[in-house]
Every structure is written in C-alpha cells, then in structure tokens.
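Here is a short walk through one structure. Keep the sequence and the 3D view at hand as you read.

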Amino acid sequence: MTFADPNAHAPTTPQSAREIGDAWGKMVARRRLYTGLGLVILLTALVASVRFADESNAGHFFERLPHLFDFLSWLIPKDWNDVWRALFDIASPMQKTGEEYNFAEGRVPVWGGFYIPEYFELMIITINVALVSTIIGFIFAVPLSFLVARNLAPSNPLRIVAKRLTEFLRAFPEIVIAGLFSAILSIGPVAAIIAVSLHTIGALGKLFYEVVENIDMKPDEGMKAVGASWSERVRFAALPQVMPNFVSYALLRLEINVRASTIIGAVGGGGIGEELKLSISRGFGAKTVALVLLLFITIVAVDQFSAWLRRRLVGEHAFLLQH
C-alpha cells in the first residue's frame, strides 16, 4: 500500500517580507541611478550647446545678458496717457514730434464724425482671419474624419490616403505656410487664411476622427440592417453622436487660430500682428503697449466666450470631464 506525499502539492512558500523589501529597494535604487545618469547627460548636453551657441554668436550671449532689459526700457511710454490715446486714436500733445505720436492719423472714418480706431480695425481683421479659417477647416475636416476613422472608413486604402493627408497638413507650422503663400500671393490676409485653414484641417481632422472611432456602433448596425448607404449611415447614425464634440473642438481651435493669426501678421499676413511687429521694431512705447493691451483683452474675451458656448453645447458635466 502506497501513501501520497502530503507535501507533493503544497503551495510554494511565499517570499519573506525582508526579501520583498530588498528587491523593492534594489529596483528603486536602480531607477534613481538611471534617472540621475539621464539628468547628468541632459545637463552636459545643455551646457555644451549653450557654450557653442555663445561662441557662435557675434555678440556673445552671456556678455550681453546684463543688457536684457535695456530693450524693454525703450518701450516704456514717456506719458502713460498716450497708451489710451494710441488705442482710441486720440490726438496727442506731442503729435508734431514724429510718427511715434501720430495717433489721430490712423482713424478709419465710417460716417460723419464717427470713426473706428485703427487698432480695432486691425483686430477685427485678425479675428476674421481666424474665424474664416476655422469655418473652412471645419467644413473640410468633418468629411475627412469619417474617411479616416477605422470603424466607418469605406475602404482601407482610402483611409490610409486620407490619414496621410491630415498628417501632412498639420506637419508644417502656420507661419511657414503663410510665408510661402505670402511670396506667391503677396502680403495680405488671403495668405494668412490659406495657411491657418490648411493647418486647421489637419488638426481638426485628427481630433474629429478620434471622436468618431469612439461612437456607439449600434445605430450604425441598425442602418446597415435596413440597407442604408455609407453616406446615410454617416448622416443619421454617426453625425448626431459626434456633432456636439465637433463643435466644441472647433471653438477650441478658434481660440488657437486667433493667436496664430496674430503671429502670422508678423510675416505679412496683415492684421494686428503686422502693426505690432513694426511698433516694436521702431521702439514706439505707447503704441506697443496699446497693441499688447488690446490683444490681451481680445484673446481673453474670445477664450471666455468660446468656453461658455462649449459648456452650453456639450453640457457642464462633459466639459469638466474634458478639462
């Protein structure tokens, strides 16, 4: 008669708390060592690159560092009341001293004695560039997103081509595209609209197709069951689910495009950015401060309005989840 070994199927003895603690300590020490080595390598590369840049700079960066705030001192207005005069095109007592104080000459007459201040008109141009670009980007990004989404793409080759197109459109910064089209179409808002629109199509296309890939597919399956075409499935099964998020992302992109349109103005895109660049380069303190103040107020207003509208569209709860 044979007896089974009672220890044959006994569970393996667990590691002691000391062994677990030792293993954890070794792992933490190893990670700290790797992190320290990475920081040392990064710091060494940073110091070497800064030294190389300093030696390559004709003015020597570190030698000129104490004069960093000299330029800013040139932009401090001699009379802070000139900031408001520049903002609203009110004649300055020093108007005869040169172009720096010719505030009243920039007025845009409307009717009778009523006029629009020059900087307000330039700000309107900048906002229009951003708004038109966002609308164009939205119109093209919506159908493109359904072609790229894995769950709704009509064919895989078409999906790959559409995805590569969105990647290509957002690969180049708006200012690079604007510089190219400014050379082709001459200086003006048209080049800025094209540049911002192309980048917006690529950026919104990516955001939109990620939303489409996460929709509930049950309505689409029902549309398939009754023999609906691809366009009908998109129109009646997918679009109602994603439209609130689409509009929310478009409004978020509008905020970004207002800032992008300002920067593009510095390379010939028109609007307030071009005037700001000229004012800074010429050292016109009151005009520069007025332009920065108007730009700051406008961007804050656009951001607040866009955030309020997004809350109304997607609901407060969804808004808090996203942010």
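In this predicted model, helix α6 spans residues 156-169 and helix α8 spans residues 189-212. The two pack against each other at an angle of about 130°. Their axes lie 7 Å apart. The crossing of α6 and α8 is left-handed.

Which residues make the contact? From α6 come K163, T166 and L169. From α8 come L198, H199, I201, G202 and Y209. By type, the residues of this contact are four nonpolar, three polar and one charged.

Now turn to helix α7, residues 174-185. E174 belongs to this helix. Is E174 buried or exposed? Its relative accessibility is 14%, so E174 counts as buried, the cut-off being under 20%. The side chain of E174 meets the side chain of R253 in a polar contact of 3.1 Å. Beyond its neighbours within four places in sequence, E174 touches A195, V196, H199, R253, A260 and I264. H199 is also part of the contact between α6 and α8.

Last, look at helix α4, residues 81-88. Here D82, V83, R85, A86 and L87 are buried. Just after α4 comes D89, with a positive phi of about 55°.

Terms used:
Residues numbered from 1 in each chain as written. Predicted model: local features only at pLDDT ≥ 70, side-chain atom pairs only at ≥ 80, totals over all residues. Heavy atoms only, no water. Axes fitted to C-alpha atoms, helices over the stretch in contact; angles between N-to-C directions. Helix = DSSP H or I, 4+ residues; strand = E, 2+ residues; numbered from the N terminus. Left-handed = near helix turned anticlockwise from the far one by under 90°. Contact = heavy atoms within 4.5 Å. Nonpolar A, V, L, I, M, F, W, Y, C, P; charged D, E, K, R; others polar. Buried < 20%, exposed > 50% of the residue type's maximum accessible area, 1.4 Å probe, protein only. Polar contact = N/O pair within 3.5 Å; in protein donor to acceptor, adjacent residues only side chain to side chain.
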